[in-house]
Amino acid sequence: MVWLHNLIARYDRAIWIRVIGTILTTFAGFMLRPFLAFYLYDKMDGNLLLAAMVTSLQPLTSIISGYFAGSLSDKYGRKPLMIAALLIESVSMAGYVWAESLFAFAALTILNGVGASLFWPAASAQVTDIVPEEKRSEVFALLHTALNLGAAAGPLIGVALYKINPGIAFGICSLALFIYCLLIAWQVPETLPKEARARAKSSKEESNTSPRFVWSEHKTLFWMALAAVPVSLLYSQVEIILPQHLRTKYDDFLTIFATLLTINGILVVCCQIAIAKFAERFPAHRVILTAYLFLACVGFGYGWAPGMIVLILAETMFTIGEMLYGPQIQKAISVMAPDEFRGRYFAVFGANWGITGTIGPSVGALAFRNFGGAYWFSALSVLLLIGGMYQYRFVKKAIRRTKSTPVSAEEPAISGS
């Protein structure tokens, strides 16, 4: 049991609370993923475009409130924002149990978007606060593993519950979020650095605002966020359009979709830490480009798969791509971010998820209806190839700048892996 003690001692208690809470909430959340789109589709009387528009309200809200959430976490601390976010999300999930009208679904989706936008910038900044740079990609990989533990069993259980009563899954998800909130309130201390807190306090006393974030001084961050859009766009289509594409080809499409999610979760749980450690041997820009190439292959696989074997191969490539991409890109952002702007850096970069989550469902629904799933997923592959080349260039340029000049708050850059 010495290895277990060493493993527990390797990370801060706050990290382990995050791991436990992430497993708890994502297990419940992945119970919803296979059928949430269909649930809304049925509630909207079979109107795919209307269901997609309702779904897009959550990320649209995240875009609008995300930057302010990052600023608030830099000003008031990570813990209050995380607690408030989980409470809001818990209430919104409970509301879905009784929602019937379009207005009710829209309102609850917006509320859920507010909660998500408050949580993730603060949670990611918390990791940067307490984890040394050399361990960050490993910790982000650990959290990604926890995220996918829920995917290993959640989807198939969710399908079974959906056939009984969809309200049960929403209730379980709401309870899981509330328990996670209690764990953070009870066990996780505030991690906002004292220096950043002092600067924020001084700035507040002088001007009643948090330190000023001058957009023109952080151009690299915005270009990296833009180059990340094809990745998050693929994710949005997997959740909304892929089930509809499978529906046109297979009778038991819902079980097939849930099986693909389960395969993804199992592979991440088994391989994420090992792949993250292996990837540390190579420059970050090469690892990230490799991830884009894997994801580009996935689009063609989803679109043209003649059977289950090719779908499983595509899902395997998707999993490898995300295991390479996630920890490396998050580490890059964490190293780039000045102490006083950590929350805002993660919020700004995370806006790429909000953008694609907002426009992705509607654009995907229109493309699927007019061109079919095969051509639409192929187009996504082309976008991923283009985005990967640009992201490679941006990250490589940032690494070179770090090696040749000291990092400054005006033009931060990342260190090589």
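Q: Where does Gln187 sit, in which helix?
A: Gln187 belongs to helix α7, residues 166-187. Helices here are DSSP runs of H or I with at least four residues, strands are runs of E with at least two, and both are numbered from the N terminus. One note before we go on: this is a predicted model, where local features need pLDDT of at least 70, side-chain atom pairs count only at pLDDT 80 or more, and totals for chains, interfaces and linings use all residues. Residues are numbered from 1 along each chain as its sequence is written, and side-chain values use heavy atoms, with hydrogens and water left out.

Q: Thanks! Is Gln187 buried or exposed?
A: Gln187 is buried, at a relative accessible area of 19%. Buried means under 20% relative accessible area, exposed means over 50%, and partly exposed is in between, with a 1.4 Å probe and protein chains only.

Q: And what is Gln187 in contact with?
A: Arg13 and Ile17, once neighbours within four places in sequence are left aside. Contact means heavy atoms within 4.5 Å.

Q: Let's zoom out. How many helices and strands are there in the protein chain?
A: The protein chain has 15 helices and zero strands. Of its 417 residues, 56% count as buried.

Q: What share of the contacts comes from residues 24 or more positions apart?
A: They account for 85% of the contacts with a separation of 6 or more.

Q: What does Tyr325 contact?
A: Beyond its neighbours within four places in sequence, Tyr325 contacts Ala228, Val231, Ile288, Ala291, Tyr292 and Phe349.

Q: Leu86, then: which residues of α4 are buried?
A: Leu86 is one of them, and others include Arg78, Leu81, Met82, Glu89, Ser90 and Tyr96. Ser90 has 7% relative accessibility, so it counts as buried. Leaving out residues up to four places away in sequence, Ser90 touches Ser174, Leu177 and Phe178.

Q: How far apart are the end C-alpha atoms of α4?
A: They are 32 Å apart, which agrees with the 30 Å that the 21 residues of helix α4 (residues 78-98) should span at 1.5 Å a residue. The expected span is 1.5 Å times one less than the number of residues.

Q: Switching to rings: how many aromatic pairs does the structure hold?
A: Nine aromatic pairs. One of them is Tyr302 with Phe377, edge-to-face at 5.9 Å centre to centre and 75° between the planes. That pair links distant parts of the chain, with Tyr302 in helix α12 (residues 284-304) and Phe377 in helix α15 (residues 373-404), 75 residues apart. Rings of Phe, Tyr and Trp (its six-membered ring) pair if their centres lie within 6.5 Å; planes under 30 degrees apart count as stacked, over 60 as edge-to-face and the rest as tilted.

Q: Are Tyr302 and Phe377 buried or exposed?
A: Tyr302 is buried at 1% relative accessibility, and Phe377 is buried at 0%.

Q: Why is the pair of Trp304 and Tyr375 edge-to-face?
A: Because their planes are at 85°, with the ring centres 5.3 Å apart. Trp304 is in helix α12 and Tyr375 in helix α15, 71 residues apart. Trp304 is partly exposed at 45%, whereas Tyr375 is exposed at 56%.
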